[in-house]
Amino acid sequence: QKKNTSDLKQLIITQPDDWHLHVRDGKVLEDVVPHSASHYSRAIIMPNLTPPVTTTTLAREYEQRILSRVPQGNAFKPLMTLYLTDNTPAEEVYKAKEMGVRAFKLYPAGATTNSDSGVTDVRKCFQVLRAMEETGILLLIHGEVVDPKIDIFDREKVFIETILPVILDNFPKLKVVLEHITTKHAVDFLKSAPDNIAATVTPQHMLLNRNALLVGGIKPHFYCLPILKREEHRQAIVEAVTTGDSHFFLGTDSAPHPERAKLSACGCAGIYSAPLALPIYAQIFEEA
């Protein structure tokens with residue numbers, strides 16, 4: 001039963017984890033890592049750098065660069081991932097498992113920021129996926145098709161209907177996370193999915209619909225991929241998350257860009273939400 005929290009002055013919770021985070025690389029690390037470290041205990045770090053993090057060695061080097069920017073006295077722990085390509089060898093999976101890398105990220109080539117080196121055909125990754133199923137390493141999926149004939153608002157739905165079954169039918173025990181889901185189609189799929197399949201949900205896809213991006217002028221700071229969808233999809237995600245279904249969990253997809261890259265004729269996709277994501281999630285739960 002929902003309790004009246006209008007008079008609540010303080011709420012103490014276990015420090016959460018962020019299961020989908022971009023912190024980029026280089027000088028920007030010193031600006032963005034402290035924001036996430038102040039709110040989260042651990043975070044799954046995305047590997048789509050330039051060049052991408054494709055090996056365990058590169059992941060370990062990246063981890064050290066992140067840790068060097070964690071404020072003194074803070075116990076924030078980055079959990080590293082590798083960028084899956086058509087040419088990733090199965091041997092890298094076993095090495096990654098041994099070294100504590102948590103997951104591989106599947107970006108369809110060209111689907112989002114720094115994804116040009118991603119997967120062109122999931123069948124080319126079958127040996128790697130078999131090794132991941134064997135070792136228990138997670139497969140994190142940016143679940144959109146990149147066929148230019150498919151409308152951008154339908155790309156998640158088409159991926160779930162056409163590409164995802166190719167993976168799950170061949171590797172039924174593979175641990176899969178559909179990243180940043182945006183549609184009722186994804187919600188309906190996950191509600192009946194087995195326990196080895198789950199999804200991350202961002203604050204923006206629970207808070208905003210596509211009107212926020214497009215009505216009254218284009219709002220580049222609300223542009224992200226997957227793109228914001230219709231209100232019915234936002235409502236379906238909020239309902240699924242706030243009813244406690246364990247298939248859905250927090251993943252901010254916080255993604256910083258320089259202002260010049262966002263406010264341009266061809267702006268980058270990504271919403272930097274790290275400093276505000278937790279209050280936004282709390283607001284959504286309060287209003288649900």
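The exercises below, each with a worked solution, concern a predicted model.

**Exercise 1. Strand 5**

Find which strands pair with strand 5, in which sense, and how the chain passes between them.

Solution. 
Step 1. Locate strand 5, which spans residues 103-106.
Step 2. Look for bridges to strand 4 (residues 81-83): three bridges join strand 4 to strand 5, and the two run parallel. Within this pairing, Tyr83 has Lys105 as its bridge partner.
Step 3. Follow the chain from strand 4 to strand 5. The path goes through helix 3 (residues 90-99), and this β-α-β crossover is right-handed.
Step 4. Turn to strand 6 (residues 138-141), which pairs with strand 5 over four bridges, again in the parallel sense. Here Ala103 stands opposite Leu138.
Step 5. Follow the chain onward: strand 5, helix 4 (residues 126-135) and strand 6 form a right-handed β-α-β unit.

**Exercise 2. Strands 1 and 2**

Describe how strand 1 is paired with strand 2 and how the chain connects them.

Solution. 
Step 1. Strand 1 (residues 18-21) and strand 2 (residues 42-45) are parallel and share two bridges.
Step 2. For a residue pair, take Leu21, which stands opposite Ile45.

**Exercise 3. His205**

Decide whether His205 is buried or exposed, and list its polar contacts.

Solution. 
Step 1. Compare its relative accessible area, 3%, with the cut-off for buried, under 20%. His205 is therefore buried.
Step 2. Look for polar partners. The side chains of His205 and Thr202 are joined by a polar contact of 2.7 Å, and the His205 side chain also reaches the backbone oxygen of Pro226 at 3.0 Å.
Step 3. Look beyond the neighbours within four places in sequence. The residues in contact with His205 include His180, Thr182, Cys224, Leu228 and Arg234.

**Exercise 4. Helix 7**

Which residues of helix 7 are buried, and why are they on the same side?

Solution. 
Step 1. In helix 7 (residues 184-191), the buried residues are Ala186, Val187 and Leu190.
Step 2. They are on the same side of helix 7 because they cover an arc of only 100 degrees around the axis.
Step 3. Identify what the buried residues of helix 7 pack against: among the elements are helix 5 (155-162), strand 8 (197-201) and helix 10 (231-242).

Terms used: Residues numbered from 1 in each chain as written. Predicted model: local features only at pLDDT ≥ 70, side-chain atom pairs only at ≥ 80, totals over all residues. Heavy atoms only, no water. Buried < 20%, exposed > 50% of the residue type's maximum accessible area, 1.4 Å probe, protein only. Pairing = 2+ DSSP bridges. Right-handed = clockwise from strand over helix to strand, strands pointing away. Polar contact = N/O pair within 3.5 Å; in protein donor to acceptor, adjacent residues only side chain to side chain. Contact = heavy atoms within 4.5 Å. Arc of directions from axis to C-beta.
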